[in-house]
Amino acid sequence: MNYLFFSLALALVPMRIAFVGDSITASHYPEIAAKMLDTKLYRYAEKGADTKRVSKLLDKALRIKPTHVVLFVGINDCSKSKRPDPYAIFDRIARMVSRVLDAVAVPVVKSLHQTPGHHGIAGEC
């Protein structure tokens, strides 16, 4: 895909930002972001959602054809399991990002877990 064309096309289209994630996404921060950016809020969030559930919520979010998708994921994967698999979590997040890109939208990812191979980062599972 020609990323210059992609960037120009996004500049001409009104922003449609989908916020997808867990209870943090269900909180007030998406309203603040939407107000600051002067755009309508599209929220797909559930308390306790892990990356498997957020992936299903992403299906719904992509139906609105967003220009941007903010994913807040990972914390519940770490809190639900005594032995989380950071590689599986990272893989699910990477697949979600790929799906957002395939939908011609800009992914923005916030995750509180540590990516594989990076040690000592705050928020590690």
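Biologist: Before we start, how are residues numbered, and which pLDDT do local features need?

Modeller: Residues are counted from 1 along each chain as its sequence is written, and side-chain values use heavy atoms, with hydrogens and water left out. Totals for chains, interfaces and linings use all residues of this predicted model, while side-chain atom pairs count only at pLDDT 80 or more and local features need pLDDT of at least 70.

Biologist: Thanks! How many helices and strands are there in the protein?

Modeller: Helices (H or I, at least four residues) and strands (E, at least two) are DSSP runs, numbered from the N terminus. From that end on, the elements run α-β-α-α-β-α-β-α-α-β. The count is six helices and four strands.

Biologist: What is the order of the strands in the open sheet?

Modeller: Two strands pair if DSSP finds at least two bridges between them. Five bridges join β1 (residues 17-21) to β2, five join β1 to β3, and six join β3 to β4. The edge strands, each pairing on one side only, are β2 (41-45) and β4 (106-111). With parallel pairing, the order is β2-β1-β3-β4.

Biologist: Which residue is the bridge partner of Ile17 in β2, and which stands opposite Ile17 in β3?

Modeller: Strand β1 runs parallel to β2, and β1 also runs parallel to β3. In β2 the partner of Ile17 is Leu41, and in β3 the residue opposite Ile17 is His68.

Biologist: Is β3 mostly covered or mostly open?

Modeller: Buried means under 20% relative accessible area, exposed over 50%, and partly exposed in between (1.4 Å probe, protein chains only). His68, Val70 and Phe72 point one way from β3, Val69, Leu71 and Val73 point the other way, and all are buried. With six of its six residues buried, β3 is mostly covered.

Biologist: Which residues does His68 touch, apart from those up to four places away in sequence?

Modeller: Contact means heavy atoms within 4.5 Å. His68 is found in strand β3, and its C-alpha atom is separated by 8.6 Å from that of Phe19, 49 residues apart along the chain. The residues touched by His68 are Met15, Arg16, Ile17, Ala18, Ala105 and Val106.

Biologist: Which side chain joins that of Thr51 in a polar contact of 2.6 Å?

Modeller: Thr51 is found in α4, and it counts as buried because its relative accessibility is 0%. A polar contact is a pair of N or O atoms within 3.5 Å; within protein, one must be able to donate a hydrogen and the other to accept it, and residues adjacent in sequence count only if both atoms are side-chain atoms. Beyond its neighbours within four places in sequence, Thr51 is in contact with residues including Val73, Asp77 and Ile89. Its partner in the 2.6 Å polar contact is Arg92.

Biologist: Last one: what is phi of Asp38 and of Lys65?

Modeller: Most residues other than glycine have a negative phi, and most peptide bonds are trans. Asp38 lies in the loop between α3 (29-37) and β2 and counts as exposed at 72% relative accessibility. Lys65, in the loop between α4 and β3, is exposed with a relative accessible area of 65%. For Asp38 phi is positive, near 55°, and for Lys65 phi is positive, near 55°.
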